[in-house]
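Morning, everyone. One structure today, and I'll keep it brisk. Please take a look at it first.

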Amino acid sequence: MQARLGFSYYPGCSVEGMNRAYDKSTQLVCKALDIDLAELNDWNCCGASAYMSINEMKAHLLSARNLALAEKEKKDLVVVCPACLTTLTKTNHYLAEEPRFKRNIGTALKAANLQYFGSVKVRHLLEVIVNEVGEQEVKARIKRKLLGLKVAPYYGCQLTRPFGEIDHKEFPLILDKLLTWIGAEPVNFPLKTKCCGGILMMTNENVALGLNRNILDCAKQNGAECIITICPLCHMNIETYQDDVNKMFGTDFKVPALYFTQLMGLAFGFSRKELGIDEEMISSRPLLEKHLEVIA
Amino acid sequence: MHAETVERTQHALGEVFLHDVYGIPGGDKVKECIQCGTCSASCPTSYAMDYTPREIIAAFRAGLLEKVLKSNTIWLCSSCYSCTVRCPSGIKLTDIMYELKRLAIEFGLAPEGAKAPVVAELFAEIVDKNGRVAEVPLVTRFMLKTNPFGAFKMIPRATKLFTRGRMPLTSHKIKGTAELEKCAGAMTAPLVSGLHPGSAREGGN
């Protein structure tokens, strides 16, 4: 048995809002894997892309406060949203590499009796499970088989870009690997790191719908029965806008999408309800009934 | 902030741009652009842009940056970082896009009716007030501001999400908002460069 892993947990605004199923399934899967997640007390917005377009330094300050709070807990910070990952990591890099930047942030934090020495590592849950927990421990918890479920592993942009610290920037395999451990069959998916449009779905809907059409089309062409996501924004766009895509392009997509933690949770024996499955717009129920088999 | 803005707008737009970009770690690579067009070819939304990412750098060199800022180009950048990781000269185009977005807002050049600057400003306003962003209030305020009648079109979708428990209407205000405000007040510069905006030419030469 491995030593228990302990992290501070940063859910992020999107998971706290319209994507609570991601949070629910994360908590359950981590519990099953003996990963202690303690939600970072009074965390704030990471300063993601929208804030960066308004005030650069303050966006970094938002990240820096989270890092300072995490350092107090003497634990690394686990995130589930790739956009939070990129923002927090960028601030961490600048703090380590740019003395002038560090001074400015340091002065600002000091005004509220906060300080940050740079010891916190920001990690995505997917990477923690694959690299820290590992194949053996994951497989040991499987209670149900996913009989030949063909899935499209959809990484989106910011898990691996721009830093590429977790995996290849354009053709990562880390999620593919995890999915095979739990018995699913990841299909070849060339658009696995192509953009879903993110916030453009609000501001330039036609462009974003086109991007989602391409991703859905690619998943289907390659035989995927569902799409597995790791990003709340990707999930929202790919899962809840298929009606709009169909209307715009005359297509008939009806591809269920699940968070990787939801699929893991199913394999670990948790119920659909506990994992927030059935909250999606396109039901995965018929698909799961076809593929799930109880082992014991 | 207002006094600084006036001071910055007295400089030519291209000068302020270069100063700010040089302030981004690794930002000086911008001068090594070879106009190969890898960025434009990698960009998932360049097909809809008035000027592609490659053309932005060309426009800057030709002193035509204002034209770019007045177009839809920068607001179609979704920050996917495809251009950044593929650029053979190591130019951080996504960070440059952020800089251009800030400049467009600061200099009042964003095109009339563009929705992206509205989202960004609402987003920042909500974060400043609550410390976090609740998505439903953000989307609602955004719709009312940009397309109040179009909001009706959203009702079927919103209803579906609501009945599935995916439309939490409440927003959480963190305890640390005053703390954040104090920190922001103590910041010595609004940009990563950390230079006083008046000294626009001191960037990195």
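Let's start where the two chains meet. The contact takes 58 residues from chain B and 51 residues from chain A. This is a predicted model, so keep that in mind throughout.

Which helices of chain B supply that side? Each of these gives at least two residues: α6 (82–86), α7 (93–106), α8 (116–130), α9 (135–146), α10 (151–163) and α11 (177–186) of chain B. And the makeup? On the side of chain B that touches chain A there are 34 nonpolar residues, with 12 polar and 12 charged.

Stay with chain B. It is built from 11 helices and zero strands. Read from the N terminus, the order is simply α-α-α-α-α-α-α-α-α-α-α. Its C-alpha atoms fill a box of roughly 55 × 40 × 30 Å along the principal axes. Of the 205 residues in chain B, 39% are buried. Now the contacts in chain B with a separation of 6 or more: 66% of them involve residues 24 or more positions apart.

Domain 1 covers 2–112 + 191–202, and domain 2 covers 116–184. The centres of these two domains of chain B are 28 Å apart, taken over C-alpha atoms.

Over to chain A. Again there are two domains: domain 1 is 5–124, and domain 2 is 142–294. Their C-alpha centres lie 25 Å apart. How many residues of each are in contact? In chain A, 22 residues of domain 1 touch 23 residues of domain 2. On the domain 1 side, the elements giving two or more residues are α1 (13–16), α2 (20–32), α3 (49–52) and α5 (82–97) of chain A. The biggest giver there is α2(A), with nine residues. By class, that side of domain 1 of chain A has 12 nonpolar, eight polar and two charged residues.

Now the sheets of chain A. One is an open sheet of four strands, in the order β2-β1-β3-β4, with parallel pairing. The edges are β2 (35–39) and β4 (122–124) of chain A. Each has a single partner strand, so one side of each is left without a neighbour in the sheet. Neighbouring strands here are turned by 40° against each other on average, direction ignored. Look inside the sheet: strand β1 (residues 5–10) of chain A runs parallel to β2(A), joined by five bridges. In that pair, G6(A) stands opposite D36(A).

The other one is also an open, parallel sheet of four strands in chain A, ordered β7-β6-β8-β9. At its edges, pairing on one side only, are β7 (185–186) and β9 (257–259) of chain A. Take the pairs in turn. Strand β6 (residues 150–154) of chain A meets β7(A) over two bridges, in the parallel sense. There K150(A) faces E185(A). Next, β6(A) and β8(A) run parallel, joined by four bridges. A152(A) stands opposite I227(A) in that case. Then three bridges join β8(A) to β9(A), also parallel.

Let's stop at β8(A). Side chains in a regular strand alternate between the two faces of the sheet. Which residues of β8(A) point which way? C226(A) and I228(A) point one way, while I227(A) and T229(A) point the other. Every one of those four is buried.

Helix α8 (residues 174–181) of chain A lies across β6, β7 and β8 (226–229) of chain A. It runs at about 150° to β6(A).

Then there's helix α11 (residues 232–240) of chain A. Why call it largely enclosed by the rest of the structure? Because nine of its nine residues are buried. Among them are P232(A), H235(A), N237(A) and E239(A).

Last, the core. The largest nonpolar core has 159 residues. Those with the most contacts inside it are Y51(A), V79(A), I227(A), I228(A) and F123(B). Helix α4 (residues 56–72) of chain A gives the most to this core, with nine residues.

And F123(B)? Setting aside neighbours within four places in sequence, F123(B) is in contact with A50(A) and Y51(A) from chain A, plus V133(B) and L138(B) from chain B.

That's my tour. Over to you.

How values were computed
Residues are numbered from 1 along each chain as its sequence is written. Chains are lettered from A and ligands numbered from 1 in the order in which they are written. This is a predicted model: local features need pLDDT of at least 70, side-chain atom pairs count only at pLDDT 80 or more; totals for chains, interfaces and linings use all residues. Domain bounds come from an automatic or database domain assignment. Two strands pair if DSSP finds at least two bridges between them. Two residues are in contact if their C-beta atoms, placed from the backbone, lie within 7 Å. Axes are lines fitted to C-alpha atoms, for helices over the stretch in contact, and angles run from 0 to 180 degrees between N-to-C directions. Ala, Val, Leu, Ile, Met, Phe, Trp, Tyr, Cys and Pro count as nonpolar, Asp, Glu, Lys and Arg as charged, and the others, Gly among them, as polar. A residue is buried if 20 or more other C-beta atoms lie within 10 Å of its own, exposed if 12 or fewer, and partly exposed in between; C-beta atoms are placed from the backbone. A nonpolar core is a set of buried Ala, Val, Leu, Ile, Met, Phe, Trp, Tyr and Cys residues joined through C-beta atoms within 7 Å.
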